Amino acid sequence: MTAVYVHGLGFWSAGFPNVERFCAGREEPEASRPDAALLEGPLKRRATPLTRLGVEVLGQAARHAGTELSSLSSVWATAHGEHSPAIDLLGMMHRGEGRLSPTKFHNSVHNTPSGYASIATGNRSVSTTLTGGPELVAATIIESIALLRANGGAVAAIMADEPLLPPFERKEVTSSLGVALVLAGERRGALAQLSMPRLEHTQGAADDPRFGTLHISAALPLVRALGDGATGTVPLQLRSTAAPDRPLWVADVESMGGSARSLSTRA
Amino acid sequence: MLNALGDDVDAVFASLERGDAALSPPPFSIGFDAVCGAVNPDIPRLDGALAGFDSRNNRFVKTVLASMRPALDAALDRWPNDRIGICVGSSTLAMDEIERAYADAIATKQSASAFDVLRKGSAEGLLEVLRRLTGFAGPAAIVSNACASGGKAFASARRWLESGLVDAALVGGVDSLCQLTLRGFRSLNLLSPAGARPFSAERRGIHIGEGAAFALMERAGEGPRLLGTGETADAHHMTSPDPQGHGAAAAMRMAMDDAGLAGEDLDHVNAHGTGTAFNDSMEAVAIRSVLGERSTRTVVSTKGLTGHTLGAAGAIEAVIVLECLERGWTPSSAGAPPVDRDLGIEVSTEAVSAPIRTALSNSFAFGGSNVSLVFGARA
């Protein structure tokens, strides 16, 4: 398989609970918490903010793609991992509490969202969680395409991070961000064709004011291209975090005629 | 390879031959009795341009990569540096540094440097250290599927090679002791008071270790081979394995099929074998169902000696298996006697000197993540 196609797109940030609103710049102020409708009962009660975010965008992207969730392979990406439970655990340790919460402990691993999603959807397929820095978005797409070439079928790439909490907070990051893509080798019904990422000496993506230097916000040019039905080369790294002496990851997007508007009609 | 047993491959194998668990108290004050598999505290710090990235985790990386320098340089001679990838597993990363930064920031009400510690102590810092110490400029990622991270890094790197994206890749894993994991596993009542004894009738849980192991993987060459990989999810529970071992068995079956092997073809198993009641029972069910019986196969867990090195475990055990294939020798499953006969598998209680052609390594994790790797001796 050489060509890879984008069949579904999921998006969530505070005030922009889907890709249509994000691409149109139409805010929905009451959207302050991802719904994560795939989670029910105890799973929903115990889910962390990052897990709710990842599961929400996975659900959106799979719905847009019309893909069966129980058989989807997945690559999850988060630069800071399960930060909220980790901060709670650090607080418990600092206050000298003898025993940590077992739920918060098992919720603190980077692959918590993947674990909850697999339990909620009965999905036993391969699921890999990646973490990293400025190159995380590119690595996620690379691993997703490699997985697709190895196993066929469809692969979900889910990138999610939340703003850091005190004492690690960064003032410029004001919202969580979740992005999901469903990729497949099938051309029919696709939104766009996506190339394997490659290195180029080029300018990176500009910081979005709400996400600052959050590494996964480097996926926003790709989200905008897919949402707008645009064709071209998109950066997969932020200009502000790129090392000055190194090339940056980029990918080519070729629209198949779909756009954010068509996403909502496919749902 | 580096872990509680030694600072390099030969030292680790000398300890495996002696069969002595390297148990020690945690390398920090924790307020309760616990035994660990701690790395030699005297390994070199990061200095010069990398001084800002100094942490136990990154010292492990530096030490192991220094021992691999000739192989890394040979790869750089063979391939353009942007065609060599980095795919490494880690779960805790430099959490001990982040714990200290949190405590300092709360105590002093100054958070100015806390973010910097978080950044350098997380995957971003680890990748930067890996890039600078190897000179490799291709795709790079940290796999973080808890205790399956190190094993899954091998599976991902193989995909990158097979997709033609890279010509070589540094694979492996690294993890270091911290308060959070010791206290966390204690909260789950999974810590053994006297060290892990996988597959023993007297097993009482894990002891946590630390360390790093790396290998250089290429599409072709003279060394031992990664013949097959299998990755699945349990879709059962966040911490408890599926008691029937369906997910684990599926990963093992997938790896064996990928390698083109039947159960009777397999010479050696390095099990996940944590020493908890649940894991060892579940894994035994999976081993029985996928591999069947074969009296000359050796089945071991090395975690009774190394401790459970969490995100590094899959990589450390993969490198142990690769060395076993090269040396024609397999260790005993330390701590196993008296073996739990209810498990129904033949656990090796003696080291065996005999050539092996094929070996399987399992890693299972929180979130129900499973990976099996099948390796073969050099052609």
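A charge is said to sit over a ring if NZ of Lys or CZ of Arg is within 6 Å of the ring centre and within 35 degrees of the ring normal. This is a predicted model, in which local features need pLDDT of at least 70 and side-chain atom pairs count only at pLDDT 80 or more, while totals for chains, interfaces and linings use all residues. Residues are numbered from 1 along each chain as its sequence is written, chains are lettered from A and ligands numbered from 1 in the order in which they are written, and side-chain values use heavy atoms, with hydrogens and water left out.

Select B:K120 and B:F53: the charged end of B:K120 sits over the ring of B:F53, 5.4 Å from its centre. Then select B:R327, whose charged end sits over the ring of B:F13 at 4.3 Å from the centre.

Turn next to ring pairs, in which rings of Phe, Tyr and Trp (its six-membered ring) have centres within 6.5 Å, with planes under 30 degrees apart counted as stacked, over 60 as edge-to-face and the rest as tilted. By this rule there are eight aromatic pairs over all chains. One of them is A:F105 with B:F185, edge-to-face at 5.1 Å centre to centre and 75° between the planes. Because A:F105 lies in helix 5 of chain A and B:F185 in helix 8 of chain B, this pair joins two chains; helices here are DSSP runs (H or I, at least four residues), numbered from the N terminus. Both A:F105 and B:F185 are buried, meaning under 20% relative accessible area, with exposed over 50% and partly exposed in between (1.4 Å probe, protein chains only).

Finally, select A:F11, A:F16 and A:F22, which ring pairs link into a cluster.
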